Amino acid sequence: MDFLMSGLAACGACLFTNPLEVVKTRMQLQGELRAPGTYQRHYRNVFHAFITIGKVDGLAALQKGLAPALLYQFLMNGIRLGTYGLAEAGGYLHTAEGTLSPVRSAAAGALAGVMGAYLGSPIYMVKTHLQAQAATEIAVGHQYNHQGMFQALTKIGQKHGLVGLWRGALGGLPRVIVGSSTQLCTFSSTKDLMTQWEIFPPQSWKVALAAAMVSGIAVVLAMTPFDVVSTRLYNQPTDAQGKGLMYRGLLDALLQTARTEGIFGMYKGIGASYFRLGPHTILSLFFWDQLRTVYYTYIK
């Protein structure tokens with residue numbers, strides 16, 4: 001039940017934040033390995049990107065990749081939050097004195113995130129491909145031109161085998177390790193502190209909401225550079241053997257991006273990342289916390 005509630009909470013958040021994921025993906029691919037000022041900026045900022053995509057690709061394009069996004073959120077966060085919730089309920093995250101251990105919390109969050117992200121990696125790759133697809137006049141990054149999630153998975157599997165479906169998985173893990181450990185550690189620590197300080201009434205939904213807001217800011221700052229290179233690793237073109245043609249791996253992608261685009265290139269799309277990750281973190285952790293409260297109070 002912990003895994004089911006976690007997956008449903010993440011899917012609920014995804015319905016609201018997927019358009020921001022589309023914008024974030026396009027902004028992260030814009031000007032890939034190009035020096036600032038040497039390429040046409042189709043998307044100047046988050047709001048301009050929304051208008052441009054809606055005008056050229058149509059409003060429906062803002063929900064591109066929704067099916068794989070929902071499936072990935074259910075798999076990844078179902079495993080991630082479910083595993084973390086079991087560890088928390090079992091008392092493994094607290095010291096002998098009963099206080100929350102930030103180190104144990106961060107380690108549990110990272111481990112749970114790795115498990116979920118690796119299993120869901122093929123779905124995340126297809127989601128990235130679909131969200132990057134655009135009309136020629138506003139296209140950025142490599143264009144795969146898939147017809148849908150199942151067609152994309154079948155095509156990649158037939159062409160590159162089972163290994164091809166997990167291309168970029170290892171490069172995407174640091175993104176999840178940093179993001180998951182930061183998110184769950186800051187969420188649990190902030191919630192614990194607010195409860196101790198009695199800022200809000202006991203069991204109030206405001207505690208979870210405030211803790212999720214703090215967690216969202218921390219996640220965006222820590223995760224964006226890894227998110228940028230993860231998107232590019234998944235979306236890069238491949239040769240006949242399924243090997244990436246632009247990057248050899250995570251470190252190579254980080255170095256190439258920093259060299260050609262500068263430090264700000266590592267934070268491309270940070271505005272979209274915040275507007276997406278912030279609400280997504282807040283909504284998913286809020287829904288997760290409330291679903292668990294209802295379940296353990298009225299059902300179990």
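Me: What is the handedness of the crossing of α4 and α6?
Reply: In this predicted model, α4 and α6 cross in a right-handed way. On the α4 side the contact includes Pro102, Ser105 and Gly109, while Leu173, Arg175 and Cys185 are among the α6 residues taking part.

Me: Why is α4 called oblique to α6?
Reply: The axes of α4 (residues 102-132) and α6 (residues 169-197) cross at roughly 140°. Roughly antiparallel needs an angle over 145 degrees, and roughly perpendicular covers 65 to 115, so the pair counts as oblique. The two axes come within 7 Å.

Me: Which classes of residue make up the contact of α4 with α6?
Reply: There are 14 nonpolar, seven polar and one charged.

Me: What makes α1 and α9 roughly antiparallel to each other?
Reply: Helix α1 (residues 2-29) and helix α9 (residues 270-299) have axes that cross at roughly 175°. That angle is over 145 degrees, so the label is roughly antiparallel. Their axes come within 8 Å, and the contact has 19 nonpolar, seven polar and five charged residues.

Definitions and conventions:
Residues numbered from 1 in each chain as written. Predicted model: local features only at pLDDT ≥ 70, side-chain atom pairs only at ≥ 80, totals over all residues. Heavy atoms only, no water. Axes fitted to C-alpha atoms, helices over the stretch in contact; angles between N-to-C directions. Helix = DSSP H or I, 4+ residues; strand = E, 2+ residues; numbered from the N terminus. Parallel < 35°, antiparallel > 145°, perpendicular 65-115°, else oblique. Left-handed = near helix turned anticlockwise from the far one by under 90°. Contact = heavy atoms within 4.5 Å. Nonpolar A, V, L, I, M, F, W, Y, C, P; charged D, E, K, R; others polar.
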